[in-house]
Amino acid sequence: MFIAGFPAGSWGTNCYVVATGKGTECIVVDPGQDAAAGVEQVVAENRLKPVAVLLTHGHIDHMWSVTPVAGAYDATAWIHPRDRHLLSDPMAGISRESAAMLLGGRHEFVEPDDVAELGDGQELELAGLTFTVDHTPGHTAGSVTFRTPYGAAAGQPEISEVMFAGDLLFKGSIGRTDLPGGDHPTMLRTLASKVLPLADDVVVLPGHGEQTSIGRERATNPYLLDLVESDGDQAPPVRRGL
């Protein structure tokens, strides 16, 4: 499997290009601010053809370039219906700090020509890869993660899956829940029901920062530890992401 990732834009949002190998079709995950040039470079250098853009959620730092990227390659953009409105109205989910940073510039956002909606438990067959969609609300109402088998196909049987986590789970932290559409109790329920049951060997590719694993986070992440050791009701929100 081929996975190329790079941080994009003012928020350092991780954009990923994923394929079965070089010279094949590929998918793009979370093309944020100024990500189009990076995607173009990865695609050209590895002779790839994007067929889909997967969005973990609708925050502007993850979908800024979805329309130009999808349009450039005639690719379908996939997003959960509860975040779809953010494609054309990203200010509805933005923080005051982010809004202030954007003031003074003209930024018009429209949906890509081809948008498809995601559902919980859905399996997507794209570019020769299978992605399992998990609806993971908390950071936003329409947050999702994408898991794809890895191990044997990549010659690394010690890794069963790779999860593109968006702003659900980070190395040592979790996504913020204080923005419009965010909800901390919902985030805790999501972590308990969708993250803790996963195998320790699942590699987590987050929306910001370094990669990690479910096992590492289960053992060291204070928010997951709190869920394991108690009901998790006392875990404070944390500001990560947009």
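Tutor: On one side of helix H3 (residues 66–73), Gly71 and Ala72 are exposed, where exposed means over 50% relative accessible area, buried under 20%, and partly exposed in between (1.4 Å probe, protein chains only). Helices (H or I, at least four residues) and strands (E, at least two) are DSSP runs, numbered from the N terminus. This is a predicted model, in which local features need pLDDT of at least 70, side-chain atom pairs count only at pLDDT 80 or more, and totals for chains, interfaces and linings use all residues. Residues are numbered from 1 along each chain as its sequence is written, and side-chain values use heavy atoms, with hydrogens and water left out.

The buried residues of H3 are Val66, Val69, Ala70 and Tyr73. They cover an arc of only 95° around the axis, which puts them on the same side of H3; the arc is that of the directions from the helix axis to the C-beta atoms. The cover over these buried residues includes strand E3 (25–29), helix H1 (35–45), strand E4 (49–54), helix H2 (60–63) and strand E5 (76–79). Just after H3, Asp74 adopts a positive phi of about 55°.

In soluble globular proteins, nonpolar side chains tend to be buried together. A nonpolar core is here a set of buried Ala, Val, Leu, Ile, Met, Phe, Trp, Tyr and Cys residues joined through side-chain atoms within 4.5 Å. The largest such core has 30 residues, and those with the most contacts inside it are Val39 and Leu48. Two or more residues of this core come from each of strand E1 (2–8), strand E2 (13–19), E3, H1, H2, H3 and E5. Contact means heavy atoms within 4.5 Å; leaving aside residues up to four places away in sequence, Val39 touches Phe6, Cys15, Val28, Val69 and Tyr73. Val69 and Tyr73 are among the buried residues of H3. A second, separate core of 23 residues includes Leu54, Leu126, Ala127 and Leu129.

Cys15, one of the residues that Val39 touches, counts as buried at 0% relative accessibility. Its sulfur lies 10.0 Å from the closest cysteine sulfur, in Cys26, too far for a bond. Cys26 is likewise buried, with a relative accessible area of 0%. A disulfide is a pair of cysteine sulfur atoms within 2.5 Å, and a search of the whole structure finds zero disulfides.

Among contacts with a separation of 6 or more, 64% are between residues 24 or more positions apart. The accessible surface comes to about 10,100 Å², of which 49% belongs to carbon and sulfur atoms; these areas come from the Shrake-Rupley method with a 1.4 Å probe, and for residues only the protein chains shown count as cover.

Elsewhere, an open sheet of six strands has the order E7-E8-E9-E10-E13-E14, with mixed pairing; two strands pair if DSSP finds at least two bridges between them. Within this sheet, four bridges join strand E8 (residues 129–135) to E9 in the antiparallel sense. Five of the six residues of strand E9 (residues 144–149) are buried, so E9 is largely enclosed by the rest of the structure.
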